[in-house]
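Hi,

Here's the structure I promised to send over. Have a look below, and then I'll run through what turned up.

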Amino acid sequence: MESPDRQLRYFVRIAETRSLSRAADGLDLTQSAISRQLASLEAYVGNALFVRTGRGVELTDCGRRLLAAAKPAYAAIDEALDDIRDKEGLSRGTIRVATVHTLSYYFTADVLAQFVGRHEQVNLSLMGRSSPDVVALVESGRADLGFVYDVAVNSADLAATPLFDDEMCLIAPMAHGLSTPVDLNKADLKLVAFPPHYALHKMLRSAVRKLQIVAEAETVDAMLQLVASGVGACVLPSRIPDRVIAEHDLTKISIASPVLMRRIVAVTRKDRPPSPLVQELLQLAMEAAH
């Protein structure tokens with residue numbers, strides 16, 4: 001005899017909705033299919049469990065006795081399954097995070113370190129990319145969570161959670177001879193920048209009237225090395241740690257004009273609810289941003 005477990009689940013749903021059609025809709029079944037399952041269960045127990053009324057169905061005495069035993073039992077099972085799934089079953093696996101390069105120096109590294117400290121069994125994959133690439137990775141499902149500049153997010157498929165505003169500064173050699181703060185529209189500066197498709201490059205193009213970009217680099221380290229070698233200065237977020245700048249014998253210079261600021265957001269797909277672990281990582285990012 002086939003186990004009546006599935007039929008009992010259907011029975012509980014019918015009892016809760018008091019309707020075969022509503023129960024069928026909620027279970028994504030046809031009404032005839034759920035009727036057959038109910039008939040099979042009634043044959044198994046040897047008694048009718050419902051009587052039909054003009055508005056649906058009502059429990060018989062046998063049905064009420066069975067519901068009193070089955071409903072709390074399944075509620076306890078479902079609660080245990082959810083708890084195991086959230087706390088144990090999903091404590092392993094892989095979370096894929098995409099981030100713009102600059103954030104890995106002062107934000108994502110700290111957030112991910114805190115997360116890994118809580119979930120040592122989780123395999124964390126971190127991808128440093130340009131803003132458009134981060135958006136594309138999350139859109140395609142190749143990344144579960146992305147950290148990116150909001151100006152790059154132009155997709156109806158993504159949900160964006162604001163984190164913080166990132167203010168830019170000029171980074172130059174110690175003996176720069178520039179006024180502080182500096183006006184980028186007045187200073188005659190040669191700049192090292194990210195490639196044209198990067199959000200920070202586009203920001204400079206739109207804000208600085210006479211922009212002289214003499215070299216491009218795809219990573220912060222490469223950019224700082226070029227600046228240290230005397231190629232030019234660069235514009236990066238002011239949150240880049242001082243120790244990273246000092247390692248290259250460089251210094252930060254505040255920018256008086258133009259105002260260079262971008263908002264950092266976390267992006268996920270709208271049609272794929274984040275897993276509990278991704279939700280936890282997002283929560284840690286939101287807490288770290290404030």
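This is a predicted model: local features need pLDDT of at least 70, side-chain atom pairs count only at pLDDT 80 or more; totals for chains, interfaces and linings use all residues.

On the α1 side the contact is made by Y10, R13, I14 and T17, and on the α2 side by L20, R22, A23, G26 and L27. Sorted by type, the residues of that contact come out as five nonpolar, two polar and two charged. As for the geometry, the axes of α1 (residues 5–17) and α2 (residues 20–27) come within 8 Å and cross at roughly 125°. Angles from 65 to 115 degrees count as roughly perpendicular and those over 145 as roughly antiparallel, so α1 and α2 are oblique to each other.

Now the rings. The structure holds four aromatic pairs. In one of them, F107 and F147 have their ring centres 5.7 Å apart and their planes at 85°, so this pair is edge-to-face. It also ties together distant parts of the chain: F107 sits in the loop between β3 (93–100) and α5 (108–118), while F147 belongs to strand β5 (residues 145–149), 40 residues apart.

Are these two buried or exposed? F107 is buried, at a relative accessible area of 4%, and F147 is buried as well, at 0%. Finally, F107, F147 and F164 form one aromatic cluster.

Cheers

Notes. Residues are numbered from 1 along each chain as its sequence is written. Side-chain values use heavy atoms; hydrogens and water are left out. Axes are lines fitted to C-alpha atoms, for helices over the stretch in contact, and angles run from 0 to 180 degrees between N-to-C directions. Helices (H or I, at least four residues) and strands (E, at least two) are DSSP runs, numbered from the N terminus. Angles under 35 degrees count as roughly parallel, over 145 as roughly antiparallel, 65 to 115 as roughly perpendicular and the rest as oblique. Contact means heavy atoms within 4.5 Å. Ala, Val, Leu, Ile, Met, Phe, Trp, Tyr, Cys and Pro count as nonpolar, Asp, Glu, Lys and Arg as charged, and the others, Gly among them, as polar. Rings of Phe, Tyr and Trp (its six-membered ring) pair if their centres lie within 6.5 Å; planes under 30 degrees apart count as stacked, over 60 as edge-to-face and the rest as tilted. Buried means under 20% relative accessible area, exposed over 50%, partly exposed in between (1.4 Å probe, protein chains only).
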